[in-house]
Amino acid sequence: MEKRNLKSLNTFAIDCVAKKFVEFDSEKDFEKIDKAYRESEKVHILAGGSNTVFLNKEFDGTIIKIENKGKTIISEEVDSVAVEVNSGENWAEFVRWACLNGFSGLENLAAIPGQVGASPVQNIGAYGSQVADRILWVEVHNMKTSDNYRIMNADCEFDYRFSRWKTSHKEELIYKVVFLLDKVFRPQLDYAAIRSYLEENKINEVSPLQMCDIVTEIRNSKLPDPEILPNAGSFFKNPTISQEQFEDLKQRFPQIVSFSQPNAVKLSAAWLIEQCGFKGERYNHLGMHAKQALVMVNYGDATGEDVLNFANLVIEKVEEKFGVRLEIEAHLIK
Ligand code: EPU
């Protein structure tokens, strides 16, 4: 339990020192983390740090860093497999491993930074897929009661960039996730960027591994590499508005980018932000990325406070112009 600088452990590269730091390497560490949980008023579970923004220069509590590795096929049918994966596994490597073995269902979620255990927390989603559709259950350890139990998919409260762990149940440490993958490939081609890639490159048939590579290439062409330009992925959620509000906006802004939903309309936050002139512009240490306006980037020395101030400026300007209030997607840690 020593102090630890977290700058290299969050992809936004925010300088923050944790007062206490413990690692969770395997189930043998349950006792150790329960003790850390009991003895600290504030605890934060840190996985890959790719959706995390530390707001202060010091985290005045205990960081539990997830490092448990390993994966096992726990059952196999003619057309599917169930794979149990420990939380500390790297997400992108797991997806690639699955595709290499001909197990499909996660290929559209290729190359997303972060760890397996964090994937259900914000229900990671991209290119027409979301992880909730492939999770059978999540194994958790309750640090308050020392019990281990299983949360079945239906009880995870999955929604767009949401689950039961996003805002509560902080005493539950996710230590394994079980996925149901297909052995027969049914490519998910709904997303326009994927369809146009296949058309442009005259590709008629794809394997899970090819799809994994295609998604990786599309992502890399738009999203900044955190190793080069620190960021936390999409900083805001795409806002959902009523059909009525949408009709009004469409009258005033005919080019508005939207995705229809049952009884509602989801707007492209990137488009709204771009229209307010933020795309590619630098504000001190921060900016919205030149190729994807939804991604806030850190040009070097931004503090958590700078991030919050800049985020509020973006929220204000978008609300002023469109009457739509953006919600921060990244996980803000006080
Ligand atoms: N667009 C703009 N300006 C931009 C970028 C996009 O106007 O700078 C418009 C374009 O019309 C584009 C549309 O928005 O066609 C959609 O853009 P994109 O495909 O990049 O997706 P997104 O809605 O901006 C969401 C997820 C991403 C995910 C992509 C691809 C959220 C908050 N973000 O972004 O997830 O990779 O779809 O499926 O839902 C993340 O959560 O960290 C993340 C990167």
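Which residue in β5 does K20 stand opposite? K20 stands opposite T62. This is a predicted model: local features need pLDDT of at least 70, side-chain atom pairs count only at pLDDT 80 or more, and totals for chains, interfaces and linings use all residues. Residues are numbered from 1 along each chain as its sequence is written, and side-chain values use heavy atoms, leaving out hydrogens and water.

- Helices (H or I, at least four residues) and strands (E, at least two) are DSSP runs, numbered from the N terminus.
- Two strands pair if DSSP finds at least two bridges between them.
- β2 and β5 run parallel, joined by seven bridges.
- β3 (residues 43-46) also runs parallel to β5, through four bridges; H44 stands opposite I63 there.
- Seven of the nine residues of β5 are buried, so the rest of the structure largely encloses this strand. Buried means under 20% relative accessible area, exposed over 50%, and partly exposed in between (1.4 Å probe, protein chains only).

**Nonpolar cores**

- A nonpolar core is a set of buried Ala, Val, Leu, Ile, Met, Phe, Trp, Tyr and Cys residues joined through side-chain atoms within 4.5 Å.
- The largest such core has 45 residues, and F236 and I273 have the most contacts inside it.
- Elements that each supply at least two residues include β2 (17-24), β5 (58-66), α6 (243-252) and α8 (304-322).
- α8 gives the most to this core, with seven residues.
- Domain 1 (2-66) and domain 3 (231-333) each contribute at least three residues; the bounds come from an automatic or database domain assignment.
- Another core, of 40 residues, lies apart from it; V95, V131, L198 and V215 are among its members.
- Not counting residues up to four places away in sequence, I273 touches F236, F278, K279, M288, A293, L294, V314, V318 and L326. Contact means heavy atoms within 4.5 Å.

**The antiparallel sheet**

- Five strands form an open sheet in the order β6-β7-β12-β10-β11, with antiparallel pairing.
- β6 (71-76) and β11 (148-152) are the edge strands, each pairing on one side only.
- Neighbouring strands are turned by 25° against each other on average, direction ignored.
- Five bridges join β6 to β7 (residues 80-86); T72 has E84 in β7 as its bridge partner.

**Helices on the sheet**

- α1 (residues 30-39) packs on the sheet, touching β10 (135-142), β11 and β12 (172-182), and its direction makes about 65° with that of β10.
- α2 (residues 91-100) lies across β6, β7 and β12, running at about 25° to β12.
- Axes are lines fitted to C-alpha atoms, for helices over the stretch in contact, and angles run from 0 to 180 degrees between N-to-C directions.
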